[in-house]
Amino acid sequence: QGRILVKTANAPNPLADLPAGVVGGLRVKLDADIAHVGQPILIDNDRVGFLRYGLSFAVLRAADTRILRENLLLFAGAAGITLILLTMSGVRINARVSRLAAASQALASGDYAERAPESGPEELSRLARNFNRMAEAVAERTEALRRSEERFRRLFEESPDPCWIIDDSNLFVLCNDAAVRTLGYDSGMALYAVHPSDLSPEFQPDGRSSLEKANQMIAIARHQGVHRFEWLHRRRNGECFPVEVTLAPLAGRGTRILYAIWRDITERKAAEAQMLQDREQQATLRRLLEIVLAGGAMEETLQLCLEYLLSISWLVVLPQGGVFLKEESGERLRLVVSLNLDPRIQSLCDRISTGCCHCGRAVATGELQFADHVDETHEISYAGMIDHGHYSAPLISGGEVLGVLLIYVPAGVPRDSRGEE
């Protein structure tokens, strides 16, 4: 009937009119700032009245703004918390990665005790464990290599035999004290960056150039791994001596770096030469005896003996010589046989007086005469005589001098007591 039963204190009076004719639904009237709403009140589906209320647009807008602001604050808070959590997580991850990187740098710089932390995310933890296992393996290998190098260094430095390191340019770049002492130098610096041929005579005993042969020996060692050979080296004072050289590549340092060790074989060579001389001397005596016992003519026998003596390998002699026999009067010597003597010498020395020149003095004194050059003691000579040395050995039987054996030697050759014997 249009009566107001209950109203709030701030309800407008009179109430705004609402549109009519709306059945079973809301009645709404919109003003500038308020929406007037009529809500039907139903009892058993019969409308018995209306609930009238107004909705302020300003309040709605304020509520929307507050709700939006609160939602934004909640979102911002959640985002901030998320960012903080991510930052903290990232800082921890970055710290672990940084420690792993620091450990790897320490390993690369030679600090094999550094290890990476194995805590944290599974991926980083697994990576750290793998890195630590690798670091331990590297440390073990490095320590084993250090011990091996220390053993090699001690063996190298304390070896009684000369030891050397040869680089890829075929030069000596390191030697031990034994090498310095053997060659007669004051320090190893004088032997740095020198070629093996610089510490050798120009030619080896086989006639090959020391430079050419040394390079070949080094090439063989690099190709087949180990090479042993004999070599003639030269001391600082010019003295030459034989050595046995062993060349071998240094393991783990590239096949072009070689380890060299010498062994002085002077005594061994002397013993071998002595054995050779003894055998050849025995063979010579046996052969001379066979020639004498063959019963040939005296001059033929002497000629064969002279030729055989001049063919002995270990005697440093020229293939020239002769045999003089004393005449019955004992005052002169006669050249009985000769080999490759200059015709002028054969003529001048066909008959010589006892005591004249070297051969005559050998008969007069009964002692061996030696000269290393043609000098003023050569009383018999001629213009243009080729310089030479020689032995004049008296031929003695039963205490009596019967003649002289003359053997030429190269000029300048020193006296050889073993050859004289």
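Mentor: Strand S4 (residues 163–166) and S5 are joined by three bridges and run antiparallel. Trp164 has Cys175 of S5 as its bridge partner. Keep in mind that this is a predicted model.

Now widen the view. The two strands belong to an open sheet of five, in the order S5-S4-S8-S7-S6, paired antiparallel. Strand S5 (172–175) and strand S6 (227–234) are the edges. Each has a single partner strand, so one side of each lacks a neighbour in the sheet. On average, neighbouring strands are turned by 30° against each other, direction ignored.

Two helices deserve attention here. Helix H4 (residues 210–224) packs on the sheet and touches S4, S6, strand S7 (240–249) and strand S8 (258–264). The direction of H4 makes about 155° with that of S6. H5 packs on the sheet too, touching S6, S7 and S8. Its direction makes about 120° with that of S7.

Look along H5 itself. Helix H5 covers residues 266–293, 28 residues in all. From first C-alpha to last it reaches 40 Å, close to the 40 Å expected at 1.5 Å a residue. Its buried residues are Gln277, Glu280, Thr284, Leu288 and Ile291. An α-helix has 3.6 residues a turn, so residues three or four places apart point the same way. Among the elements covering the buried residues of H5 are helix H6 (298–309) and helix H9 (417–420). After H5 comes Gly295, with a positive phi near 75°.

Next, the aromatic side chains. The whole structure holds five aromatic pairs. Phe229 and Trp231 make an edge-to-face pair, 6.1 Å centre to centre with 80° between the planes. Phe229 has a relative accessible area of 13%, so it counts as buried. Trp231 is buried as well, at 5% relative accessibility.

Compare a tilted pair: the ring centres of Phe370 and Tyr391 are 4.9 Å apart, with the planes at 45°. Phe370 sits in strand S12 (residues 369–371) and Tyr391 in strand S13 (residues 389–397), so this pair ties together parts 21 residues apart in sequence. Tyr391 is buried, at 11% relative accessibility.

Trp164 comes up again here. Trp164, Phe172 and Trp262 form one aromatic cluster. Finally, a charge over a ring: Arg235 lies over the face of Phe241, at 3.9 Å from the ring centre.

Key. Residues numbered from 1 in each chain as written. Predicted model: local features only at pLDDT ≥ 70, side-chain atom pairs only at ≥ 80, totals over all residues. Heavy atoms only, no water. Helix = DSSP H or I, 4+ residues; strand = E, 2+ residues; numbered from the N terminus. Expected span 1.5 Å × (residues − 1). Buried < 20%, exposed > 50% of the residue type's maximum accessible area, 1.4 Å probe, protein only. Contact = heavy atoms within 4.5 Å. Phe/Tyr/Trp six-rings, centres within 6.5 Å; stacked < 30°, edge-to-face > 60°. Lys NZ or Arg CZ within 6 Å of the ring centre and 35° of its normal. Pairing = 2+ DSSP bridges. Axes fitted to C-alpha atoms, helices over the stretch in contact; angles between N-to-C directions.
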